[in-house]
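Student: Hi! Could you walk me through this structure with me asking questions as we go?
Tutor: Happy to, here it is.

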Amino acid sequence: MRLSTAWLALALLVMAPIAPRAMAQEEPPAAQSGLTPPELVEYVEAEIPDVPWEGEPRAVLFVITIDAEGAVTDAVVVESAGEAFDEAAKEAVLRFRFVPAKMDGQPIPSRIQYRYVFEWVEPEPEAPAPATLRGRLVDGKGDVPLGGERVLVVAATGEVVETRTEADGSFVLEGLAPGAYQLRVDAADYELLAVDEELEAGEELEVTYRLRYVAEDLPEAEFSARAEVEAPPREITKRSVPKEVLTRIPGTRGDPLRAVEILPGVGRPSFGSGALIVRGAAPGDSQTFLEGIPVPLLYHFGGLTSFFQGRLLEEITFYPGNFSSTYGRKTGGILNVRVRDPRTDGWHGALETSAIDAWVLAEGPIGDKVSVALAARRSLIDLILPAVLSGTTLTVTAAPVYYDHQFILTYRPTERDRIRLMSYGASDAFAFIVGDDLAEDPNIRGAAELRQRFYFTTLSWDRRLNRDFQQSMVFAIGPNRPVFSFGPDLEFDARFLDIAFRSEWRGRISKRFETILGTDIRIIPYDISYSGPPVRQTEGAPPGNQGSASERVVREAGEGVFWEPGLYGELAGDFDPVRVVIGARFDYVSIPGKAVVDPRLNGFYQVNEKLRLKAGLGMYSQPPSVVETAPNIGNPDLDFIRSVHSSVGGDYQIDQGIQVGLEGFFKYLWNRPVSTVGGQPPFFVNEGVGRIYGLELSGKIDPKGRNYFGYLSYTLSRSERRDLPGQVYRLFDYDQTHIFTALFSYRFPRNWEIGGTLRLVSGNPMTPIIGSFYDAENDVYVPIGGLINSVRNPLFHRLDVRVEKQWSWDVFKLALFLDIQNAYYAKNQEGLLYRYDYAESVKLQGLPIIPAIGIRGEL
């Protein structure tokens with residue numbers, strides 16, 4: 001809106017002077033005889049009123065009084081345009097300056113009419129914020145960077161932008177107008193790449209383009225429900241949940257690793273555990289890998305934040321079952337996290353702080369071949385948790401504190417090689433006191449402490465041997481120390497030095513066949529001490545069978561070295577439209593000195609461009625835990641836990657960015673370690689079995705160029721165990737019949753975004769306590785349990801909401817966000833806490849409403 005030049009009505013109301021004036025002695029010149037009206041010489045523009053207004057002009061008619069010096073002394077509204085417009089116009093008119101009216105050449109006061117007009121002018125539209133396209137060209141099979149390649153980006157208008165890739169295959173195109181583009185790459189010995197992209201205003205799109213060698217006709221190598229970062233079967237890899245979406249999921253506070261919670265097959269962990277529960281398996285049956293190296297934990301205390309800076313991640317791959325022979329020693333699921341190289345287009349940084357934690361990140365190049373990134377995070381929840389727990393039977397003595405750090409250095413000596421040095425670690429600590437009113441055993445009231453620290457340094461080398469073969473090697477070493485204590489007589493303290501080495505060679509034998517060969521070795525010196533009641537089976541144990549301080553105290557300590565060498569291989573054959581992958585894996589574990597071979601078979605059938613069917617069958621093995629095989633408290637002769645995974649399903653793409661998937665699965669487990677009857681030596685035996693079966697439905701809506709995205713997942717499953725021969729199957733501790741998750745997020749104009757995630761999950765099973773009796777010898781009450789896992793906690797339900805506003809400038813971005821977990825404060829029951837005599841209990845509630853208000857700045 002702009003104010004037009006006002007126009008002046010010079011109808012003179014008073015022709016005679018208002019006040020006496022002195023007459024000149026001489027006669028004025030004839031040219032100055034008679035009346036001369038006033039003339040406006042200094043115009044003041046009025047401020048536009050802050051009121052709704054659009055379209056028609058607004059005019060205010062004044063009678064204004066002008067003194068003999070040309071100043072306006074009064075302004076009276078004759079015709080109003082509304083109070084706000086009247087006041088604004090009057091303020092401006094009173095500041096006008098005139099050449100005064102004259103009578104016979106002498107200045108005189110006067111009154112005139114003046115009409116002040118506000119004219120509506122359509123505002124000029126704001127220029128849309130430019131977009132940025134960050135890409136990387138790699139060989140489609142080995143992820144080898146393609147440096148020096150020419151990249152053309154053609155706009156819908158016909159304008160062409162050209163650049164070339166750096167040595168690491170990366171390129172950046174900045175200042176692009178929003179709209180449709182076609183990216184073209186015509187690299188020697190590769191098929192022509194022509195991809196359509198839609199860029200939104202202010203968007204930074206990051207894409208990895210995988211070029212196909214002219215002799216190549218091989219789709220994706222593995223079967224799984226890779227539900228988040230699955231590479232499409234052709235030449236371009238674009239995350240189905242891209243990095244910019246992973247950081248926008250409500251309830252995760254922008255943490256990409258928390259995004260796995262929305263995927264089919266992922267169960268809900270109990271309050272504070274942060275465990276990864278996959279398809280009804282125990283948390284210890286699944287494993288998180290970082291660049292192929294196993295890490296001790298995925299989340300910090302409480303499961304609120306993952307252990308690694310999410311903005312340094314390249315992709316997250318989740319396998320709920322039937323995973324490749326590349327992975328072993330687990331019978332549940334696999335989460336593999338890949339780290340990206342630091343940016344080479346200049347130095348960048350980011351800083352974020354919220355009520356939960358604060359972190360900082362910096363990255364950039366050092367010369368032409370080296371780039372580095374550094375990040376660190378520290379929790380702030382220790383400032384608010386004591387207030388949350390006030391009034392409960394838990395007294396916090398050392399509030400939860402966690403740290404993590406990351407350092408990445410990438411060196412590319414040639415276009416064929418990449419060498420990367422990486423250091424990362426995490427530390428968690430928490431201590432509390434259990435009150436006297438509620439404790440299942442009076443002897444274990446008191447202080448409890450949880451600590452976990454690990455630090456790893458890794459060195460990796462990726463080399464492209466020739467056009468068809470490449471190799472990768474990674475070496476990692478670092479300490480890991482978990483500590484747990486409860487009361488005066490229960491303590492576990494372990495010191496591990498984890499040494500890992502993984503090497504892999506993959507390549508094309510011919511146009512139809514591809515092979516993978518690899519080694520996977522772990523060597524772990526350890527020093528473990530345990531003090532407490534005899535170790536027993538905890539899952540599925542009746543009340544009072546987990547051991548308490550009223551029993552004899554076992555003290556055990558030991559040190560040594562255990563090692564786990566592994567070999568694996570795969571052969572993939574393509575017979576369009578069928579693809580078959582045959583694999584096998586060999587694993588040996590020095591404790592208990594056992595070896596195992598697991599064959600695996602996966603198949604695909606591409607019905608048409610939109611529908612793909614898939615099926616898999618394979619064996620998977622897992623060594624028993626360190627405690628279960630420890631001398632004097634466990635059984636050193638325990639064998640591997642064995643399982644068979646089978647699944648069948650299909651994926652259907654309804655339209656661009658809209659797809660659904662359906663998959664059925666069945667797992668059978670045997671050789672599960674279970675406690676002996678009465679806890680007699682050898683304490684554990686391989687006599688437990690289990691079965692897990694279910695159905696998973698997934699849906700995704702993420703159309704290219706749209707300002708919204710949504711995900712839907714539903715899992716219907718049953719997880720059962722049988723501990724000893726002759727017994728009946730019972731529900732597993734982590735059985736969750738129904739798991740439903742729905743997510744939707746919408747980006748409004750002016751960089752506002754609002755989204756929500758709704759989760760409904762069946763409550764975990766639990767064993768009811770139907771009474772107790774008094775043990776006079778030990779002065780404790782012993783609970784009497786009902787049928788194991790015969791009742792459930794109520795249905796879990798929670799809504800998470802995220803609101804974010806962003807501002808962008810040339811070199812700086814600022815974001816303000818509100819991420820609310822449990823937005824309507826659902827009081828979900830996680831279990832029951834009993835009084836010492838088991839006569840009364842109270843509900844143990846999960847997370848309260850947790851609003852995290854934060855601010856983030858990026859360079």
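**Helix and sheets**

Tutor: This is a predicted model. In helix α1, the buried residues are Phe-85, Asp-86, Ala-88, Ala-89, Ala-92 and Val-93.

Student: Okay, what do the buried residues of α1 pack against?
Tutor: They pack against the strands β3, β4 and β8. The helix, residues 83–93, lies across those strands and runs at about 35 degrees to β3.

Student: And in what order do β3, β4 and β8 sit in their sheet?
Tutor: The order is β4-β3-β8, in an open sheet of three strands with antiparallel pairing. β4 (72–79) and β8 (110–118) are the edge strands, and each has a single partner, so one side of each has no neighbour in the sheet. On average, neighbouring strands here are turned by 30 degrees against each other, ignoring direction.

Student: How many bridges link β3 and β4?
Tutor: Six bridges, in the antiparallel sense, with β3 covering residues 58–66. As one example, Ile-64 has Ala-75 of β4 as its bridge partner.

Student: What holds strands together, in general?
Tutor: Strands of a sheet pair through backbone hydrogen bonds, either parallel or antiparallel.

Student: New topic: what about the sheet with β1, what's its order?
Tutor: That one is β1-β6-β7, an open sheet of three strands with antiparallel pairing. β1 (35–36) and β7 (106–108) stand at its edges with a single partner strand each, so one side of each is left without a neighbour in the sheet.

Student: Which residue of β6 is the bridge partner of Thr-36?
Tutor: Lys-102. β1 and β6 (residues 101–103) pair in the antiparallel sense over two bridges.

Methods:
Residues numbered from 1 in each chain as written. Predicted model: local features only at pLDDT ≥ 70, side-chain atom pairs only at ≥ 80, totals over all residues. Heavy atoms only, no water. Pairing = 2+ DSSP bridges. Helix = DSSP H or I, 4+ residues; strand = E, 2+ residues; numbered from the N terminus. Axes fitted to C-alpha atoms, helices over the stretch in contact; angles between N-to-C directions. Contact = heavy atoms within 4.5 Å. Buried < 20%, exposed > 50% of the residue type's maximum accessible area, 1.4 Å probe, protein only.
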